[in-house]
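Student: I have a chain to study and would like to go through it by question and answer. Can we begin with the sequence and the model?

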Amino acid sequence: MASDAPRQYVPLTCHGHSRPVPHISFSPLEKDDVYYMISACKDGNPMLRDGQTGDWIGTFLGHKGAVWQARLSPDAATAATASADFTAKIWNTYTGELLYNLQHDHIVRAVAYPFDNSGMIATGGFEKKLRLFDLQGNQAAAISPGPSDTEAAVTAVTIPTSEAFEIGEGSHTQPIKFIAWAIDPNVIITASGDTLRWFDLPTRQCFRTEKLDGEIKSCELVSLAASHSSPSDIGGGLPVLAVAANKTVYFWGGQKADKELKRMTLSHGISSVGLDLKGKMFVVGEEPGTWARVYRWDDGVEIDVHKGHHGPIWSIAFSPDNNLYATGSEDGTIKMWKNCEGFYGLWRGAGGSVPAERGAD
């Protein structure tokens, strides 16, 4: 192993889901360095957790099918979930109540917020259509009197697809599995089959396509909080699009996430990829397999292997302060791996020990 290999830390294991976890993501950094993590699960019950400790905060109840993706809004006040029940739903993260029900005609696989607008959401799935829903342009969730004077009930607003804006009509020939909203608010990227597509929102047209080395298994725009990013980071301080397809990882940067920074072909299949912008390494879930492998950005040398999951790793996400990353697996658990020195969250120090009741399986 390389001499500059990162230290091994005992991971935190987050239990609670009863079926595979296909997607996890973090909120932006809030005041006092607080942030949150949300997980999608095939049990239909997405969960909100404290981002530093993994402690359960709440479960969003109401989907009638598997939840494929879950994301938190830029202000962390709402969460968006994409489900096999033909809906995407928008939730209040403080109360857990359903605010908006976005109706579709088939399975919804992907959701995305813009970087700075919590009132807009993009969706995609088996309809093979990229849609934008303007939440602010629809009636806000109404408050109706509850059973007592001190209680109130929220009536969720249902928005049909006829009220959404379709982008790039006819562009997709396969289901949309991932959507990434570039830091340029006029650009959206979709992953469908083996192809990435870049869309210009003002014209609603696709302006670039890129065919990759097989079906796209993972596609995420990776960014750090402004207080933690630097021009010396990968991407020069801008978000980076990290994509996994077959045995190759791809990275794009720039305002539109359309400038290729690097691609590397590994010796094994890849189910997911996460990128450490500051530490200049990337983490992949191997396929087939259950391990997370860590590679150096500069030369692609493997520098670490994380063992502990009992199924493929479908999603890898780094926290907005870069101090940890999380892996979501087919085994129904989420593991959180320390990515910094000293005390952090529930880790006791450089040795990486954690309280026994929250340790790895």
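Predicted model: local features only at pLDDT ≥ 70, side-chain atom pairs only at ≥ 80, totals over all residues.

Student: In what order do the strands of the open five-strand sheet come?

Tutor: Strands are DSSP runs of E with at least two residues, helices are runs of H or I with at least four, and both are numbered from the N terminus. Two strands pair if DSSP finds at least two bridges between them. The edge strands, each pairing on one side only, are β6 (67-72) and β15 (157-159). The pairing in this open sheet is mixed, and the order is β6-β7-β8-β9-β15.

Student: By how much does this sheet twist, on average, from one strand to the next?

Tutor: Axes are lines fitted to C-alpha atoms, for helices over the stretch in contact, and angles run from 0 to 180 degrees between N-to-C directions. From one strand to the next, the average twist is 15°.

Student: Which residue of β7 is the bridge partner of glutamine 69?

Tutor: β6 and β7 are antiparallel and are joined by five bridges. The partner of glutamine 69 in β7 is alanine 82.

Student: Which residue of β8 stands opposite alanine 79?

Tutor: β7 (residues 78-83) pairs with β8 in the antiparallel sense, again over five bridges. Three residues lie between the two strands in their hairpin, where phenylalanine 86 has a positive phi near 75°. Opposite alanine 79 stands tryptophan 91.

Student: Which residue of β9 is the bridge partner of lysine 89?

Tutor: β8 and β9 (residues 98-103) run antiparallel and share five bridges. Their hairpin has five residues between the strands, and glycine 96 in it takes a positive phi near 80°. The partner of lysine 89 is asparagine 101.

Student: How many of the six residues of β8 are buried?

Tutor: Buried means under 20% relative accessible area, exposed means over 50%, and partly exposed is in between (1.4 Å probe, protein chains only). In a regular strand the side chains alternate between the two faces of the sheet. In β8, Thr87, Lys89 and Trp91 point one way, Ala88, Ile90 and Asn92 point the other way, and all are buried. The strand is largely enclosed by the rest of the structure because the number of its residues that are buried is six of the six.

Student: Is aspartate 33 buried or partly exposed?

Tutor: Aspartate 33 is in the loop between β2 and β3 (36-40). Its phi is positive, about 60°, although the residue is not a glycine. With a relative accessible area of 38%, aspartate 33 is partly exposed.

Student: Is alanine 257 buried or exposed?

Tutor: Alanine 257 lies in the loop between β23 (248-253) and β24 (259-265). Phi of alanine 257 is also positive in a residue other than glycine, near 50°. Its relative accessibility is 1%, so alanine 257 counts as buried.

Student: Which peptide bond is cis, with omega near 0°?

Tutor: Look at the loop between β26 (281-287) and β27 (292-296), where proline 288 lies. The cis bond runs from glutamate 287 to proline 288.

Student: Which residues is alanine 180 in contact with, leaving aside neighbours within four places in sequence?

Tutor: Contact means heavy atoms within 4.5 Å. Alanine 180 is in strand β17 (residues 176-181) and is buried, with a relative accessible area of 4%. Beyond those neighbours, its contacts are Val187, Ile188, Ile189, Leu221 and Leu241.

Conventions:
Residues numbered from 1 in each chain as written. Heavy atoms only, no water.
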